[in-house]
Amino acid sequence: MNKTTWESTVKPVVVLSVISLVVSLLLAVVNSMTAPVIAENERAATLAAYVDVMPSVSDANTLEEVSGYTTANVSGAVKAEDGSMAIKAGESGFDGGVLTVIMGFDTEGKVTGIWVDASTQTSGIGSNVAKADYLAQFNGMDGTQNIVMNQDFDAYSGATISSTALFAAINDCISCYNELA
Amino acid sequence: MASEKNSKVSILTNGIIKENPVLRLVLGTCSCLAVTTAVSSALGMGAAFTFVLVCANILISLLRNVIPAKVHLPCYIVIIAGFVTIVQMFMHAYMVSLYNALGVFLPLIVVNCIILGRAEMFACKNNVVDSALDGIGMGIGYTLTVVLMATFREVLGSGTWLGFQVLPESFAKISIMTQAPGAFFCYGVLMAGCVWLEGKLDARIERKSCCDIDNLKKEAE
C-alpha cells in the first residue's frame, strides 16, 4: 500500500471510525450511570400523579400495584386502601409521540381526576390538551362508560390528533377500570 | 512575554463583546431566541452550551493534527454530538425540570453554529490552552447575552425574574415580550447596544483584535 492511498482513503476512514467508537463507548458508560436515575425519577413522577388524581389518597406508599389486566396500552394501575383506583395508559398522538394519561376512579366508578402528559406533542398546539381548564370537563364523569369525542366531550379545537389520542387513552383507562372493578 | 499574556486575555474577552457569538458573529440565534423566555432556562442553556463548547474545543484542538481534512466535519459533529448527549443524559437524570424546560433545544446544541464555527475557525488552528480559553470566553459571551435577553423578556413579559415577582401585580404585563416578535425586538436592541459599547471601549483603550493576535504570532515566528 503506497503512502497516498493511506493518506487519502484509509486514514480518514480509520480516524472517523475510531472517534465514533470512542464516543459510543463513552455514551454507553454515561447511559448506564444515568438510566437507573431517570427510571427512578419517572417512577416517582408517576406515583405523584397517581396521588394527584385520587383525592382520598395522600401518601403514595399506601398504594398497591394492581396487575393482571389485559387492556392494551395500559401501563400501570394502582389501588388505594379505600378501593379507589388509578390507571395509567398511553396512546400515540401527533408524529408518534406517546401521550400519557392517568385517571383516578372512586369506588362507585366516578372519575375523580385526570392527569395528562402531552409534552411529546407539539408545543402550543397538541400540548394544549393537557391544560387544566380543558381537562376539568372530565372531572366527575361516569368512569364505567366509554366516551366518544365531540359527542360526549369536546376535542381541543385545533389539536384533533392529540385530542384523538387523549380520548383513546381515556377509553383505555375506562376499559381497564371495568375489567378490574 | 507581556504580549503573550495580553493575547491570552484578549482570546478570553474576545467572545464577550468584540466577537460576541450571538450579537456580533450572529450565530446560534435560533436557540437564543427560543430559550430566553425565562432566566432560569437561559442560565441552564448557557451552562450546557459552555460545557459542550469548552470540551469540544479542547478535544478538537488536541486532535487537530490527527483528523484528516477530508472528514473533519463528520469528526467534529460526532465529537460535539457525543458531548451534547452526555449533557442531555445527566440533565435528564439530575435536573428534570430544566430538561423539560429546554426541550428540543438541548439536543439541538449539536448543530449550533457557534460550536461548529469555533471548531472550524479557532480550535482546529490553535493549541489546547488557547482553544479552551476561546471556548470559555465564547461560552461566557453566549450565557451573558441569553441571560440579559431573558431578563428583559421575563421582567417585561411576566413581571418576574428567575421566578421571583419583581414588578407589582398591578403593572401591565407586555405579553408580546414572551413571544417571538418580542424576542426579535430584544435581539435588535441588544445588538445595537453591543455595537455602541464596542465603540465606547475602542475609544478608551487600545485593544488588540483577533487579527492582531494572528499578526503578533506571525511576527514572533
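Student: How many bridges join β4(A) to β5(A)?
Tutor: Strands here are DSSP runs (E, at least two residues), as helices are (H or I, at least four), numbered from the N terminus. Two strands pair if DSSP finds at least two bridges between them. β4(A) and β5(A) run antiparallel, and the number of bridges joining them is six.

Student: Before we go on, what kind of model is this?
Tutor: Residues are numbered from 1 along each chain as its sequence is written, while chains are lettered from A and ligands numbered from 1 in the order in which they are written. Local features need pLDDT of at least 70, side-chain atom pairs count only at pLDDT 80 or more, and totals for chains, interfaces and linings use all residues, all this for a predicted model.

Student: Back to the strands: which residue of β5(A) is the bridge partner of A:G104, and which residue takes a positive phi in the hairpin of β4(A) and β5(A)?
Tutor: The bridge partner of A:G104 in β5(A) is A:G113. The hairpin has five residues between its strands, and the one with a positive phi, near 90°, is A:G109.

Student: How many residues of β3(A) are buried?
Tutor: A residue counts as buried if 20 or more other C-beta atoms, placed from the backbone, lie within 10 Å of its own; 12 or fewer makes it exposed, and in between it's partly exposed. β4(A) is mostly covered, with seven of its eight residues buried. β3(A) is largely enclosed by the rest of the structure because the buried share of its eight residues is seven.

Student: What do the buried residues of α1(A) pack against?
Tutor: The buried residues are A:I19, A:V23, A:T46, A:A49, A:Y50, A:V51 and A:V53. Contact means C-beta atoms, placed from the backbone, within 7 Å. Their packing partners are β2, β3, β4 and β5 of chain A, together with α4 of chain B.

Student: How far apart are the end C-alpha atoms of helix α1 of chain A?
Tutor: There's a kink of about 45° at A:V10, shortly before the proline A:P12; the bend is the angle between axes fitted to the seven residues ending at a residue and the seven starting there. The expected span is 1.5 Å times one less than the number of residues. For the 51 residues of α1(A) that should be 75 Å, which agrees with the end-to-end distance of 70 Å.

Student: Which element gives the largest share of the side of chain B that touches chain A?
Tutor: In total, 20 residues of chain B are in contact with 17 of chain A. The elements giving two or more residues on the chain B side are α4 (72-94) and α5 (96-102). The largest share, twelve residues, comes from α4(B).

Student: Why is chain A more spread out than a compact globule?
Tutor: Chain A runs α-β-β-β-β-β-α-α from the N terminus, and its C-alpha trace spans about 80 × 40 × 30 Å along the principal axes. The globule rule is 2.2 Å times the number of residues to the power 0.38, and the radius of gyration is taken over C-alpha atoms. For 181 residues the rule gives 16 Å, so chain A is spread out because its radius of gyration is well over that, at 23 Å.

Student: What is the radius of gyration of chain B?
Tutor: Chain B has nine helices and two strands. The rule gives 17 Å for its 221 residues, so chain B is as compact as a globular protein of that length, with a radius of gyration of 19 Å.

Notes:
Contact = placed C-beta atoms within 7 Å.
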